[in-house]
Amino acid sequence: MKIEIGLTRLALVGRSYTLKLPRINLIGPARRVKNILKREGEGKWHSLADYFAAPTDRWHSFRHDLFKGIAANWREARLSAQLQDVVVPTRFSFLGILNIQDTADQSRRVDVSFIWGEIYGQIGKEEMDRDFPALSHAFAHPENYGFHEGRPKLLDYGNKRIGEFLLSHAAFMRKLLSNL
Ligand SMILES: Nc1ncnc2c1ncn2[C@@H]1O[C@H](COP(=O)(O)OP(=O)(O)O)[C@@H](O)[C@H]1O
Ligand SMILES: [Mg+2]
């Protein structure tokens, strides 16, 4: 079994199955609170209250900083069945605390160097920048793909925007991945 440390989760990669566990991150929130408290003026108290009250799907919120690994696991569990052939299937999720995914083969890397050109060509750069800003991380990194049942698929699809993108452009992604 191999242990991989992702941005929000720890993956225990076995021969057939991969366990995904959220990384509970306390240092991020502590650093954020410290930075807010360092600010001048009374506005910082409002910022601090806002940081703790904001919902999980807002970046720079306490819940997002703390729970993003769990939220990513939730999304993968929810999206898996809808995105067949595009993503490596998630077979089981225990409340986002533990996910079980089929293991994909990463011994050969998927060449994704031209994937952005294809996406911009099909959907348009302006539309992508407007509707799906900062999605490049998810698509441009070969470590987010693996071969599953002989075909390249995404194995890291817990990001909110990537989920929205894949749902709205599933047919295009299916075709794109089958050509990789
Ligand atoms: N189903 C899987 N099969 C093989 N390796 C995996 C699988 N899921 C994750 N990994 C490995 O673990 C790493 C971290 O998992 P990932 O889903 O990317 O977590 P994060 O969202 O935290 O980045 C991946 O980059 C990959 O190398
Ligand atoms: Mg990742």
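This is a predicted model: local features need pLDDT of at least 70, side-chain atom pairs count only at pLDDT 80 or more; totals for chains, interfaces and linings use all residues.
Biologist: What is the order of the strands in the open sheet?

Modeller: Strands of a sheet pair through backbone hydrogen bonds, either parallel or antiparallel. Strands here are DSSP runs (E, at least two residues), as helices are (H or I, at least four), and both are numbered from the N terminus. Two strands pair if DSSP finds at least two bridges between them. In this structure, 5 strands form an open sheet in the order E1-E2-E3-E5-E4, with antiparallel pairing. Its edge strands, each pairing on one side only, are E1 and strand E4 (90–94). On average, neighbouring strands are turned by 20 degrees against each other, direction ignored.

Biologist: Which residues stand opposite one another in neighbouring strands?

Modeller: One can follow the bridges from strand to strand. Strand E1 (residues 2–5) and E2 are antiparallel over 4 bridges, and Ile 3 has Leu 12 of E2 as its bridge partner. Leu 12 in turn stands opposite Leu 19 in E3; E2 and strand E3 (residues 17–22) pair in the antiparallel sense over 5 bridges. Leu 19 has Ile 100 of E5 as its bridge partner, within the antiparallel pairing of E3 and strand E5 (residues 98–102) over 4 bridges.

Biologist: How many residues lie between the strands of each hairpin?

Modeller: E1 and E2 form a hairpin with 3 residues between them. The hairpin of E2 and E3 also has 3 residues between its strands.

Biologist: At what angle do H1 and H2 pack, and which residues make the contact?

Modeller: Axes are lines fitted to C-alpha atoms, for helices over the stretch in contact, and angles run from 0 to 180 degrees between N-to-C directions. Angles over 145 degrees count as roughly antiparallel. Helix H1 (residues 27–37) packs against helix H2 (residues 43–53) at about 160 degrees, with their axes 9 Å apart; H1 and H2 are therefore roughly antiparallel to each other. Two residues are in contact if their C-beta atoms, placed from the backbone, lie within 7 Å. H1 contributes Arg 32, Val 33, Ile 36 and Leu 37 to the contact, and H2 contributes Lys 44, Ser 47, Leu 48 and Tyr 51.

Biologist: How do H1 and H3 cross?

Modeller: The axes of H1 and helix H3 (residues 62–79) come within 9 Å and cross at roughly 165 degrees. H1 and H3 are therefore roughly antiparallel to each other. Gly 28, Pro 29 and Arg 32 of H1 meet Phe 62, Asp 65 and Leu 66 of H3 in this contact.

Biologist: How many residues surround ligand 1, and which strand gives the most to the shell?

Modeller: A residue is near a molecule if its C-beta atom, placed from the backbone, lies within 6 Å of it. Ligand 1 is surrounded by 20 residues, the closest being Glu 4, Gly 6, Arg 9, Ala 11 and Asp 156. Strand E2 (residues 9–13) gives the most to this shell, with 3 residues.

Key: Residues are numbered from 1 along each chain as its sequence is written. Chains are lettered from A and ligands numbered from 1 in the order in which they are written. Angles under 35 degrees count as roughly parallel, over 145 as roughly antiparallel, 65 to 115 as roughly perpendicular and the rest as oblique.
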